[in-house]
Amino acid sequence: MGNPMIQAEGLVKIYKTKETEVLALQGLDLVVEEGELTALIGNSGSGKSTFLNMIGGLDKPSAGSLIVGGKNLFTMSEAELVKYKRETVGFVWQNNARNLLPYLPAIENVMMPMYLSSEKKKREKAMELLEMVGMAHKKNNRLNTLSGGEQQRIAIAIALANSPKLLLADEPTGSVDPSTANYIFDVFRELNKNGQTILIVTHDVTLSKKVQRVVAIRDGKISSERILKEKYTDLVKEVSLDWHTLETQEEFSVVDKAGRVQIPRELLDSLALDDNKLKVELVDGKIILSKPEEKTNETV
Ligand SMILES: Nc1ncnc2c1ncn2[C@@H]1O[C@H](COP(=O)(O)OP(=O)(O)O)[C@@H](O)[C@H]1O
Ligand SMILES: [Mg+2]
């Protein structure tokens with residue numbers, strides 16, 4: 001095990017409105033190591049954005065603990081939070097309008113958030129980042145003249161402007177076509193090869209099949225994880241493979257601190273239980289879950 005970048009423990013988020021309370025995160029546990037590229041998947045409303053926003057310092061947890069890059073998000077002061085958002089995390093959204101200035105050239109956009117001393121240093125760093133995302137040739141183009149995919153690559157460069165320890169992306173390929181999505185994912189993979197820790201929310205099945213580690217969130221908790229099989233690690237750029245149907249990863253259920261496991265719905269349905277009771281037995285070192293046998297009249 002390396003150094004942890006994200007340590008979430010029993011993370012809870014409650015959104016209160018006048019009439020209702022929404023439990024968006026329900027005791028989420030997750031550890032992400034430095035240098036990992038992790039994808040976060042899950043149905044709409046499962047809490048993915050809530051979790052990412054919290055890591056990004058945009059939202060406070062209601063309970064639990066969240067430590068990112070050694071900083072405790074729960075106890076941080078406002079001043080520390082400003083510094084944290086500037087130095088520890090970089091954020092890419094699906095809709096990048098939030099951090100782009102349409103009438104400025106690409107390079108000026110990348111320089112904008114930088115806290116470097118001189119104009120010269122900012123320009124050098126911005127050029128380096130534009131090269132990294134494959135956009136150096138369009139450095140002088142205004143953003144409103146670039147395609148959606150190109151703007152998204154600029155958004156990645158902007159998120160990296162202050163060399164954050166952790167890059168967060170919430171559905172970064174959500175509004176581009178599949179080949180552009182693939183290209184953008186390659187950018188993330190290259191960054192990761194150079195040591196960047198990255199957490200990406202995605203609902204793109206094909207892309208998630210090419211990631212080393214996929215964490216699935218269900219009802220505000222991590223339910224399962226998939227790990228890329230060894231033989232696919234060097235094949236992720238292979239376009240001739242039918243990624244959509246390949247079983248590239250091994251799937252594991254996640255056990256929480258209280259010993260709770262979420263059983264995949266299809267498996268549970270196949271048992272056709274009469275009520276909510278399962279028989280749990282240890283047989284030859286394996287735990288067997290089965291439907292209780294029909295009740296017979298007990299003979300004494
Ligand atoms: N600001 C908010 N106020 C009230 N409820 C919210 C707010 N943000 C998210 N929620 C609710 O929290 C749950 C999780 O939302 P979200 O994290 O956006 O899910 P996802 O990104 O996985 O689609 C949903 O039920 C959503 O409606
Ligand atoms: Mg979301």
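1. Basis of the note. This is a predicted model, in which local features need pLDDT of at least 70, side-chain atom pairs count only at pLDDT 80 or more, and totals for chains, interfaces and linings use all residues. Residues are numbered from 1 along each chain as its sequence is written, while chains are lettered from A and ligands numbered from 1 in the order in which they are written.

2. Overall make-up. The chain holds eight helices and 13 strands; these are DSSP runs numbered from the N terminus, with helices being H or I of at least four residues and strands E of at least two. Along the principal axes, the C-alpha atoms fill a box of roughly 90 × 50 × 40 Å.

3. Of the 300 residues, 32% count as buried (20 or more other C-beta atoms within 10 Å of the residue's own, with C-beta atoms placed from the backbone). Among contacts with a separation of 6 or more, 67% join residues 24 or more positions apart; a contact requires C-beta atoms, placed from the backbone, within 7 Å.

4. The seven-stranded sheet. An open sheet with mixed pairing runs in the order β6-β7-β8-β3-β9-β10-β11, where two strands pair if DSSP finds at least two bridges between them. Its edge strands, β6 (89–93) and β11 (249–253), each pair on one side only. Neighbouring strands of this sheet are turned by 20° against each other on average, direction ignored.

5. The pairing of β3 with β8. Strand β3 (residues 37–41) pairs with strand β8 (residues 197–201) in the parallel sense, over four bridges. Leu37 stands opposite Ile198 in β8.

6. Helices on the sheet. Helix α1 (residues 48–55) lies across β3, β6, β7 (166–170), β8 and β9 (213–218), and runs at about 150° to β7. Helix α5 lies across β6 and β7, at about 165° to β6. Such angles run from 0 to 180 degrees between N-to-C directions, with axes fitted to C-alpha atoms, for helices over the stretch in contact.

7. The α5–α6 pair. The axes of α5 (residues 148–159) and α6 (residues 178–193) come within 10 Å and cross at roughly 15°. The two helices are therefore roughly parallel to each other (an angle under 35 degrees). The contact is made by Gly149, Gln152, Arg153 and Ile156 of α5 and by Thr180, Tyr183, Ile184 and Val187 of α6. By class, this contact has four nonpolar, three polar and one charged residues (Ala, Val, Leu, Ile, Met, Phe, Trp, Tyr, Cys and Pro count as nonpolar, Asp, Glu, Lys and Arg as charged, and the others, Gly among them, as polar).

Technical notes: A residue is buried if 20 or more other C-beta atoms lie within 10 Å of its own, exposed if 12 or fewer, and partly exposed in between; C-beta atoms are placed from the backbone. Two residues are in contact if their C-beta atoms, placed from the backbone, lie within 7 Å. Angles under 35 degrees count as roughly parallel, over 145 as roughly antiparallel, 65 to 115 as roughly perpendicular and the rest as oblique.
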